[in-house]
There are 2 protein chains.
Amino acid sequence: MTQLEAARKGKITEEMAYVAEKEGVSPEFVREGVAAGRIVIPRNPNHKTLTDFKGIGEGLSVKVNANLGTSYDYVDVEEEVEKARVAIQYGADTVMDLSTGGDLKAIRKRILEVATVPLGTVPIYEAEFRAARRKNFFDMSADELFQVIEEHGKEGVDYITVHVGVTLKNLEVYRNSPRTTGIVSRGGGLMAAWMLHRGEENPLYARFDDLLDIARTYDMTLSLGDGLRPGSLADSTDRAQIAELLTIGELVERARRAGVQAMVEGPGHIPLNEVAANVQIQKKLTGHAPFYILGMLPVDTAAGFDHIAGAIGGALAGWWGADMLCYLTPAEHLGLPTPEHVKQGVIAFKIAAHAADVARGNKRALERNRRMSEARYRLDWEGQFALALFPEEARRLKEERGSKTKACSMCGPFCPMNLVEAVLKGKGRMELPVA
Amino acid sequence: MTQLEAARKGKITEEMAYVAEKEGVSPEFVREGVAAGRIVIPRNPNHKTLTDFKGIGEGLSVKVNANLGTSYDYVDVEEEVEKARVAIQYGADTVMDLSTGGDLKAIRKRILEVATVPLGTVPIYEAEFRAARRKNFFDMSADELFQVIEEHGKEGVDYITVHVGVTLKNLEVYRNSPRTTGIVSRGGGLMAAWMLHRGEENPLYARFDDLLDIARTYDMTLSLGDGLRPGSLADSTDRAQIAELLTIGELVERARRAGVQAMVEGPGHIPLNEVAANVQIQKKLTGHAPFYILGMLPVDTAAGFDHIAGAIGGALAGWWGADMLCYLTPAEHLGLPTPEHVKQGVIAFKIAAHAADVARGNKRALERNRRMSEARYRLDWEGQFALALFPEEARRLKEERGSKTKACSMCGPFCPMNLVEAVLKGKGRMELPVA
């Protein structure tokens, strides 16, 4: 029984109770959200190391995903395991293994072992990879793709990206609406190339019911991927993107009817002034399915610092209703990230998610900020470090340039924090608060 | 004659023409904006090294300011000069010397020498500093403060922060509306403490006409500082903040009537869901004076990474109409920044300003992003580096993990950029675009 089926039957699962506790909401709130498809809890029972369950969706805190995985050029399994560890240590709520080089199954096994949070994959990579090794990637068969999906389910993958909206019809929309950067989704591009080369419909769409059967068997959450997402501001919110979203919305409904959990992936390169529209139209067209976005990235030109640019777009989108932010690292658009890049990416996006939580009125986020500010006002440094999102770096910077006063080395005796209160209490003249 | 007086007389100054050229707008557009007080061009003729004039205000690109300066704990003049150089190199549009330690006049002289962009100061620091050296800072006289302001004008300071809205009346509002973090503006706090201790009105307010006389003499732009800005999300957009803004709005009008350029400073700790309101109310209450904000910072808890958190709030505020963003560095709330922190802060905020420019429909920003995306689609790496906001880091990361293919090491032969087009052109099978 999937989480969705259980919720529909009125059952509060262990996972729902855990999520409710972590989020500070009632178990019934979580159950209702799961039953309605507004919340997903990716949780494949075969993923034995998964202990930190995550609820993704309306009314919950905004989540962050970190992508990992080898590439054609870099295959270092232990480094990928290290990335998973680093990502989880700094607060990634889920990780995705997007490996495309080396022994994909072995890598996935190693990452699953350390993944205490939900693990996602993009099965078409492995199916295409097998075909490419055998002959070329156009040689992939539909059965081969479903076979890989089944294997991922057996191994314990909690959610899979499936580019079900890349249909022949939507590719026609794409071709009739010229773009600056074409198709930039790796899985979506592979799917589209395969379809166009063979003149065949997307098997994930044509045989969506088969996909639902596998997903239900393992309670793998379907992450309906936006293969036609824009790859530049010039292409943002265009016809192909929205046509695909329309298709995805219909498929969300079919997934729900089949008792399969589904979330929806979104862009990508979107200017700040289109972020709200993108979130709202996703929520409307998909019956408020959880929205899992990439960034959003509000400029094309921040290469080397896309984690910062993406955090800007992600915070906005999160505030307006996006439920999980896929991070970008400093290496985005430039190469495969290192563990240090993964760390920087997770940090930037955890800040973005937290800013969104605050703006959404998340009570725990507001409370943490209030307590942080109280500690700050008391010049209680240990209290501040304890409440900071990343205590280690806060402490390091404070100590790097200490002050002879109780304040920090920016203001020293001119620290305004208690100056006025000290004067109001009549002890201003000779007993300055921090000198 | 100030820029404002010239503009009113229909004269297009050299500075207006320069700004128009840099911004890609007509000189007449700039002149009209300056005449109406919607644009300021901080430009003290005594600042001989100022060659890169900046227009700040509606219809122009969003600017970034970098704060520099010694503190009680760290006085290293050459390091401050280095910070100024680094800030300008990475794109700071103005710099402020906020020194509070060492020989303030000598430091300012050195920074002015390297400042090819407008330089701002907060004269009360120096006035209080002199009084504190002599006796204690309550001993500062009003004349002493005006004397310092006059000296800054003579030396070539282009704009000064004056906390004119910290009035006895507004401090009463502050006292009647309890806060979590009190007053957190260093200059505002010093002013308030001085006023409350002595029971005297703020001399900058009481003698605002004297201030205008000095400002007009040197065409020093007045940056009307928000001494009562909130220092935590808990205190955001409260009565004291808005009461002060009301006062500032009235003073903007008096400055304009006197032919003195004025901009308005804003917060600070503001959650994302209050950013739009803060920008709009500033624009309304001040007759659309240029809005110069600190951040805005949408969380209290990002110590160590406040440059990223601040970039999130700054981008939003910039999109909604803020005209200059004062950066935050990773050291914010923790200590005096190093040159490396200055660099990281400027980079984060230049990205924020650029994201805001894009969202505001700035034609040059949009064009740059379009060309970047075209280069990306061509896998033209040199073209991308040339168009990236920070080419050096983009190149370093690309080369750190190169690819055996023409693409980058993330996707290698699976790079989606030209895959679909290659198939559509019928050369998909054997001639994959990047392998």
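## Salt bridges across the interface

A salt bridge here is a side-chain nitrogen of Lys or Arg within 4 Å of a carboxyl oxygen of Asp or Glu. Between chain A and chain B, the count is four salt bridges. One of the pairings is E79(B) with R401(A), whose side chains meet at 2.4 Å, N to O.

This is a predicted model, in which local features need pLDDT of at least 70 and side-chain atom pairs count only at pLDDT 80 or more, while totals for chains, interfaces and linings use all residues. Residues are numbered from 1 along each chain as its sequence is written, chains are lettered from A and ligands numbered from 1 in the order in which they are written, and side-chain values use heavy atoms, leaving out hydrogens and water.

## How the chains meet

Contact (heavy atoms within 4.5 Å) links 109 residues of chain A with 109 residues of chain B. Of the interface residues of chain A, 100% are also interface residues in chain B, so the copies meet through the same surface.

Together the two chains bury about 9500 Å², 70% of it on carbon and sulfur atoms; this is the accessible area (1.4 Å probe) that two parts lose on being put together, summed over both. In chain A, T301(A), R401(A) and F414(A) lose the most area to chain B, together 9% of what that side buries.

## A partly exposed leucine

L246(B) lies in helix α12 (residues 239–257) of chain B; helices are DSSP runs (H or I, at least four residues) numbered from the N terminus. L246(B) is partly exposed, with a relative accessible area of 45%, where buried means under 20%, exposed over 50% and partly exposed in between (1.4 Å probe, protein chains only).

Definitions and conventions
Helix = DSSP H or I, 4+ residues; strand = E, 2+ residues; numbered from the N terminus.
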